[in-house]
Amino acid sequence: MIKLTNISKSYIVGGGEVPVLRAINFSIDSGDLVAIVGASGSGKSTLMHIMGLLDTPTSGDYTLDGTPVNTYGPDELARVRNRDIGFIFQNFALLPQYPVWYNVGLPLHYRTSDLAFIKSRAQEYLARVGLPDVANRYPHALSGGQQQRVACARALIAEPRIILADEPTGALDSQTSTEFMQFLQTLNVEQQTTIVIITHDSAIAAYAQQIWRMVDGVLSQDGQ
Amino acid sequence: MLTLWIQSISVLLDQARINIQAHKMRAFLAVLGVWIGSASVVALLYCSQLATLSVVNKLSELGTNLISLSLLGSNDSVKRVTPGVLIDLQETIPDIKHVAPIAFSYEPTSFHGQRLDAHIIGSTTTLYSIAHLRMHSGRFFTPWDEVEYCIVGAELQKQAAIPLVGSQIQYGNHYCTVLGVLAPTQSNFFIPVELDRALLFPLASFLQHNPSSGVRDVVFSLGDSTAVERVEQTLKNRLAVLAPQTKTYFRNPKTLIEKVVEQKQQLTILLAIIGSISLLVGGIGIMNIMLVSIVERKREIGIRLAVGAHVHDIRWMFLVEAVLLSVCGGVLGILSGVGISITIAHFVSWPIVWLFMPILLGFFVSVAVGVFFGYWPAHLASSLNPVDALRME
């Protein structure tokens, strides 16, 4: 499904080239639950951004379902992000000025202008993440765990085939983190959704079927 | 398709409303600039049009069916245009309803030894209807009255202090008995004499008594005001044959109104340009606020791009917001501009009428300001790299 071959990424800082990812070779099949573990600054988030089509590698090949993504134009990239990929960010990344239902339905806004449809779908997905009564509330009125579940509902509402979660439990307490990871696990098993979790926490990574470790931009699978 | 388009616009407007409400003070400051600019443009245009309308109304009140003719040249040449010639012109040009020839004489005038500041004039009874004269007391002269009888204007009556009807006024070495006193008259651009100061005589006997005088001015009244230009041209041609040595100078309200309107239009354009400078400043305010908004909302842009927003979705979002701010300022500006104009019109006695041109112009200019000054920030927002935008906290 996702195949990265010799992916490298470097930034130009102060006239010098700073490598962030070094010759990454990585592949995931449909329905996998994968964790990428690493310390802060090791390049995990950069890798997630490349996998999520938010960033481009300096070199190497990335194919999604066998198609090289560098053949996609801006509109096609937006379409794939909208339909095939769902993001869950560390700090929830909710829009504070909009009610919860609007935040959850955000991906659908780029498919339809039918607000009644978007709202009903948002309520349905809020119920699925255990928050049936918060649709008209605002994000700041929710707890951290609730906000993360709202972010999760937003990632799910477009029914993507891949979910990329960047430190999804970073702002949650251990009890809520456990519940959230169990939720992702269920989703992976029941819906065969491919999930990639970026984390620095080995306990969170333990929920995954495969654990990959990122050290200074080099990715390797645990146990290999 | 139309429903879909309306739905999309409605969603964009709703988003813009929410974002504006989230930063009320900033939005107010952005709106304020356009509000002031738009109010100045609308007020300047509205006042200018009301002032034009006021002038046009005043000129129209004088009679749009009048033609005023001045005869320039030596006495001998001017004397060829006799009252008889004028009557002949009236009879042969069917559109002419009345003719009022006017002759002048310059002699000192007094009443009981008190000097009167008077204009001595000879004219016909038709002047009464053409100049919309009204009597204050006594009666107007008839064609059969002799030169011993005269009519005085309201100002002369005022100078004399006692009722003049029946009294004798000295002019030069002669005396005339006052038949009547005119009520105060409005000054009329087409009647080349101040009738309030007039000592008015029947023309025929006036010319007999003042052989050196001739008809120097003529006022024609037409049955149909649309015939003014045609009659003026006919008169020009006829007089060129009848009195070739005499120069003719015509004035008519229609041409004058056209000139006034043309001049006012030029002034209006100038005022609109001056007013637009403040609108320009308002537009720059919108751009500034939008740029600040984009810096603050980079993460939101990143999130939207991550969930599948297209570049044009982001561009539209910010553009609609800029236009909405600008239109809010524009609408407030229109209301204020119209309010200011009506208040001014009330105090300076201009006619108060609804004018749609300044209102429509104010609205469309505010939309244009929003699009013009909002496009660049919107383009900057849509050009953001999703990763850079997402990294913003």
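The largest nonpolar core of this predicted model holds 117 residues, and A:Leu126 and B:Ile286 have the most contacts inside it. Helix α2 of chain B, residues 24–61, gives the most to this core, supplying 14 residues.

**Nonpolar cores**

- In general, nonpolar side chains in soluble globular proteins tend to be buried together.

**Surroundings of A:Leu126**

- Leaving out residues up to four places away in sequence, A:Leu126 touches A:Val100, A:Val104, A:Leu131, A:Pro132, A:Val134, A:Ala135 and A:Ala153.
- A:Leu126 is also one of the residues with the most contacts inside the largest nonpolar core.

**Domains of chain B**

- The domain assignment of chain B places residues 8–60 and 258–391 in domain 1.
- Domain 2 of chain B covers residues 74–245 in that assignment.
- The C-alpha centres of domain 1 and domain 2 of chain B are 58 Å apart.

**Contact between chains A and B**

- On this interface, 19 residues of chain B are in contact with 21 residues of chain A.
- Helices α1 (2–22), α10 (298–306), α11 (311–348) and α13 (386–391) of chain B each provide at least two residues of the side that touches chain A.
- The largest share of that side, 7 residues, comes from α1 of chain B.
- By type, the residues on the side of chain B that touches chain A are 12 nonpolar, 5 polar and 2 charged.

Notes
Residues are numbered from 1 along each chain as its sequence is written. Chains are lettered from A and ligands numbered from 1 in the order in which they are written. This is a predicted model: local features need pLDDT of at least 70, side-chain atom pairs count only at pLDDT 80 or more; totals for chains, interfaces and linings use all residues. A nonpolar core is a set of buried Ala, Val, Leu, Ile, Met, Phe, Trp, Tyr and Cys residues joined through C-beta atoms within 7 Å. A residue is buried if 20 or more other C-beta atoms lie within 10 Å of its own, exposed if 12 or fewer, and partly exposed in between; C-beta atoms are placed from the backbone. Helices (H or I, at least four residues) and strands (E, at least two) are DSSP runs, numbered from the N terminus. Two residues are in contact if their C-beta atoms, placed from the backbone, lie within 7 Å. Domain bounds come from an automatic or database domain assignment. Ala, Val, Leu, Ile, Met, Phe, Trp, Tyr, Cys and Pro count as nonpolar, Asp, Glu, Lys and Arg as charged, and the others, Gly among them, as polar.
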